[in-house]
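I opened this entry to keep track of what I looked up, in the order I looked it up.

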Amino acid sequence: MIIFVSYLSGVLTINYNTFNMSKRDDLIEKYAADIKDKFGEDADMDLLKKVTVGLGPSIYNIDASKVSGSDQKELDTVKNNYLIKKLGLPDNAKLDEALATVMDKYGSSNRNKHRAVIYYKLCQHFKKASVYDK
């Protein structure tokens with residue numbers, strides 16, 4: 001941590017600057033690396049950050065931050081809470097197909113499927129980044 005102290009015109013100013021990234025920034029970098037590794041593309045960092053922020057404190061909970069591709073209940077939750085409610089998509093077979101495609105590309109043997117990455121890829125797939133501009 002670096003502390004800057006200045007005294008101008010009778011006013012003491014203290015600025016705290018740090019080169020350490022926040023825990024959220026660390027996770028966003030981890031998600032971007034996962035996108036590069038698993039999907040072979042560079043992440044749109046602005047969108048990835050918005051999706052991650054939108055997930056709130058759940059990104060810090062080990063269980064809530066991951067999605068099990070083999071648990072139908074969990075996939076239904078992604079479909080209902082994210083695709084239908086958040087992105088405003090109609091409930092149809094295209095949602096299941098897109099979710100299956102993302103999960104397949106992420107890798108069935110990969111046990112660490114990050115919710116933020118899945119939401120990011122689904123948001124991209126349906127071209128719904130504008131949802132995060134509000």
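**Entry 1: a histidine in a loop.** I began with His 114, which sits in the loop between α4 and α5. The model is a predicted one. Is His 114 buried or exposed? I found a relative accessible area of 5% for His 114, so I noted this residue as buried. I then listed what touches His 114, leaving aside neighbours within four places in sequence. The contacts are Lys 30, Tyr 31, Asp 34, Ser 65, Lys 66 and Tyr 106.

Entry 2: I next looked at how α4 and α5 pack. Two packed helices are described by the angle between their axes and the distance between the axes. Helix α4 covers residues 93–106 and helix α5 covers residues 115–125. I wrote down an angle of about 130 degrees and a distance of 10 Å between their axes. Because of that angle, α4 counts as oblique to α5. The crossing of α4 past α5 is right-handed.

Which residues make the contact? From α4 I noted Ala 98, Leu 99, Val 102, Met 103 and Tyr 106. From α5 I noted Val 117, Ile 118, Lys 121, Leu 122 and His 125. Sorted by type, the residues of this contact are 8 nonpolar, 1 polar and 1 charged.

**Entry 3: one methionine of α4.** I picked out Met 103, which lies in helix α4. Its relative accessibility is 7%, so I put Met 103 down as buried. I checked the contacts of Met 103 beyond four places in sequence. They are Val 67, Ser 68, Gly 69, Leu 75, Ser 108, Lys 113 and Ile 118. How far apart are Met 103 and Gly 69 in sequence and in space? They are 34 residues apart in sequence, and their C-alpha atoms are 6.2 Å apart.

**Entry 4: helix α5 and its cover.** I asked how many residues of α5 are buried. The count is 9 of the 11, so α5 is largely enclosed by the rest of the structure. I listed the buried ones as Arg 115, Ala 116, Val 117, Ile 118, Tyr 119, Tyr 120, Lys 121, Leu 122 and Cys 123. What covers the buried residues of α5? The cover includes α1 (23–39), α2, α3 and α4. Just after α5, I noted that Lys 127 has a positive phi of about 55 degrees.

**Entry 5: salt bridges.** I turned to the charged pairs. Side chains of opposite charge can pair when their charged atoms come close. I found 8 salt bridges in the structure, and I looked up some of them in detail.

Lys 36 and Asp 42 form one through their side chains, at 3.1 Å from N to O. Lys 36 has 45% relative accessibility and so counts as partly exposed. Asp 42 has 60% and so counts as exposed.

Lys 50 and Asp 46 form another, with the closest N and O atoms 3.3 Å apart. Both residues lie in helix α2 (residues 45–54), 4 residues apart, which is about one turn of the helix. An α-helix has 3.6 residues a turn, so residues three or four places apart point the same way. Lys 50 is partly exposed, at a relative accessible area of 28%. I also noted a network of salt bridges that links Asp 46, Lys 50 and Asp 133.

Lys 79 and Asp 91 form a further salt bridge, with the closest N and O atoms 3.1 Å apart. This pair links distant parts of the chain: Lys 79 is in helix α3 (residues 72–86) and Asp 91 is in the loop between α3 and α4, 12 residues apart. Lys 79 or Asp 91: which is buried and which is exposed? Lys 79 has a relative accessible area of 12%, so this residue is buried. Asp 91 has 53%, so this residue is exposed.

**Entry 6: the chain as a whole.** Last, I looked up the overall layout. The protein chain has 5 helices and 2 strands. From the N terminus on, the elements run β-β-α-α-α-α-α. Of the 134 residues in the protein chain, 35% are buried. Among the contacts with a separation of 6 or more, I noted that 57% come from residues 24 or more positions apart.

Methods
Residues are numbered from 1 along each chain as its sequence is written. This is a predicted model: local features need pLDDT of at least 70, side-chain atom pairs count only at pLDDT 80 or more; totals for chains, interfaces and linings use all residues. Side-chain values use heavy atoms; hydrogens and water are left out. Axes are lines fitted to C-alpha atoms, for helices over the stretch in contact, and angles run from 0 to 180 degrees between N-to-C directions. Angles under 35 degrees count as roughly parallel, over 145 as roughly antiparallel, 65 to 115 as roughly perpendicular and the rest as oblique. A crossing is left-handed if the near helix is turned anticlockwise from the far one by less than a right angle, and right-handed if clockwise. Contact means heavy atoms within 4.5 Å. Ala, Val, Leu, Ile, Met, Phe, Trp, Tyr, Cys and Pro count as nonpolar, Asp, Glu, Lys and Arg as charged, and the others, Gly among them, as polar. Buried means under 20% relative accessible area, exposed over 50%, partly exposed in between (1.4 Å probe, protein chains only). A salt bridge is a side-chain nitrogen of Lys or Arg within 4 Å of a carboxyl oxygen of Asp or Glu.
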